Amino acid sequence: MSVADKPEAPAVTTPSVVTTPTVVTTVSVVICTFNRPTLLARAVRTAREQRLPPDVAAEIVVVDNAPDGNAQPVVAALSGEAGLPLRYLAHPVPNISHARNRGVAGTAGALVVFLDDDEWCAPGWLAALVATARETGADIVFGAVLADFPDGPPDWDPSGRPFERRLDRPSGTRMGLRHDQGASGRWIGTGNALLRRDTCLVGDAPFDPWLGRSGGEDHDLFVRLDRAGRRMVWCGEAVVYEVVPAERTRFDYMLRRNRRGGQQWASVAVRRARRPALAAVSIAVRAGVQLTLVTAAWAASRLRGAPDAGSRRLKIAQVSGKLLWWTMPRGHR
């Protein structure tokens with residue numbers, strides 16, 4: 001066979017390499033602050049020190065709600081330190097709802113994480129929140145909030161559980177509006193919570209300014225999100241610590257806090273009810289019955305010298321707040 005008769009060798013082609021672009025998850029950590037520059041510095045530092053996978057990009061954004069802008073020099077000083085990108089926003093009219101809305105509007109992360117200015121973060125906190133959001137596809141992820149008592153826990157409850165959000169369940173466990181009886185005292189709230197922007201923070205004012213002075217704006221948001229079918233889950237590995245000074249461990253402070261919590265709950269329930277007048281009557285009747293039962297249980301515990309007398313008294317304060325919800329101050333400031 002001549003050279004001319006030999007079959008041609010097939011052309012050798014190099015297959016093109018298709019590179020799939022890495023999908024980056026963007027996260028904005030929003031810290032609203034009001035006259036707590038020292039605590040704020042610790043919150044910002046521990047947030048900026050978080051280590052994240054290469055496909056997660058995060059920023060830390062401080063929203064200063066103080067009229068004199070006292071957080072600005074703190075942020076300026078911290079900007080020179082190593083860590084995640086840091087930005088400063090200002091809303092000088094004190095109203096926590098306005099401050100939170102400013103933080104949402106001034107950021108672009110697909111995931112928005114709220115951190116209180118008196119909280120500081122354990123290593124791995126932010127990565128755990130993001131991982132749980134990715135794995136579960138949940139709209140909202142709540143992390144653990146443990147108490148940091150500089151002067152020691154309260155004598156009336158050395159466990160400190162009323163000050164904590166602690167749930168002994170696997171990460172990814174479904175959460176809801178009702179308090180889990182196996183959990184510690186705190187439940188849902190924006191401190192150490194991740195929310196998906198496109199399903200949870202739509203519109204110009206996701207947080208209602210009507211509740212910006214009284215508080216309860218976060219519970220109000222979660223009530224609306226729950227009704228819209230948004231999914232809330234737990235992440236036990238995402239841990240922050242809340243600094244609880246001595247004045248906030250006093251029993252009289254806790255009585256006032258529980259009473260205010262009852263007012264906030266009932267106020268939101270009436271405001272978001274389809275028939276507000278009917279809801280107000282229903283809450284009053286149920287709270288009246290509950291107050292009678294809880295008061296009787298407290299009296300029995302006190303007569304026996306039972307250790308649960310204190311917690312029952314706190315429950316009385318909460319129920320009385322539900323009964324007198326309409327006395328709660330509210331509105332724009």
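Residues are numbered from 1 along each chain as its sequence is written, and side-chain values use heavy atoms, with hydrogens and water left out. Because the model is predicted, local features require pLDDT of at least 70 and side-chain atom pairs count only at pLDDT 80 or more, whereas totals for chains, interfaces and linings use all residues.

The secondary structure of the chain comprises 9 helices and 9 strands; these are DSSP runs numbered from the N terminus, with helices (H or I) of at least four residues and strands (E) of at least two. The radius of gyration, taken over C-alpha atoms, is 25 Å, well over the 20 Å given by the globule rule for 333 residues, so the chain is more spread out than a compact globule. That rule is 2.2 Å times the number of residues to the power 0.38. The C-alpha trace spans about 115 × 45 × 40 Å along its principal axes. Of the 333 residues, 48% count as buried, that is, under 20% relative accessible area with a 1.4 Å probe and protein chains only. Among contacts (heavy atoms within 4.5 Å) with a separation of 6 or more, 78% involve residues 24 or more positions apart.

Strands are taken as paired if DSSP finds at least two bridges between them. Strand 1 (residues 25–33) and strand 2 (residues 56–64) run parallel and are joined by 9 bridges, with V29 opposite I60 in strand 2. Strand 2 is mostly covered, 8 of its 9 residues being buried. Strand 8 (residues 193–196) pairs in the antiparallel sense with strand 4 (residues 111–114) over 4 bridges, and R196 of strand 8 is the bridge partner of L111. Strand 8 also pairs in the antiparallel sense with strand 6 (residues 140–148), over 3 bridges; here A193 of strand 8 is the bridge partner of F142.

Helix packing was described by axes, which are lines fitted to C-alpha atoms over the stretch in contact, and by angles from 0 to 180 degrees between N-to-C directions. Helix 1 (residues 37–48) and helix 2 (residues 72–79) pack at about 35 degrees with their axes 10 Å apart. The contact involves P37, L40, A41, V44, R45 and R48 of helix 1 and V74, L78 and S79 of helix 2. By class, these residues are 6 nonpolar, 1 polar and 2 charged, where Ala, Val, Leu, Ile, Met, Phe, Trp, Tyr, Cys and Pro count as nonpolar, Asp, Glu, Lys and Arg as charged, and the others, Gly among them, as polar.

Helix 7 (residues 251–271) packs against helix 9 (residues 309–323) at an angle of about 35 degrees, with the axes 6 Å apart. The residues of this contact divide into 7 nonpolar, 7 polar and 3 charged. Residues of helix 7 in this contact include F251, M254 and W265, and those of helix 9 include G310, R313 and L314. Helix 7 also packs with helix 8 (residues 276–304), at about 150 degrees and with the axes 8 Å apart. That contact is made by W265, A266, A269 and V270 of helix 7 and P276, A279, A280 and I283 of helix 8, and its class composition is 8 nonpolar, no polar and no charged residues. S267 also lies in helix 7 and, at 1% relative accessibility, counts as buried. Leaving aside residues up to four places away in sequence, S267 touches W210, L211, W325 and M328.

Definitions and conventions:
Buried means under 20% relative accessible area, exposed over 50%, partly exposed in between (1.4 Å probe, protein chains only).
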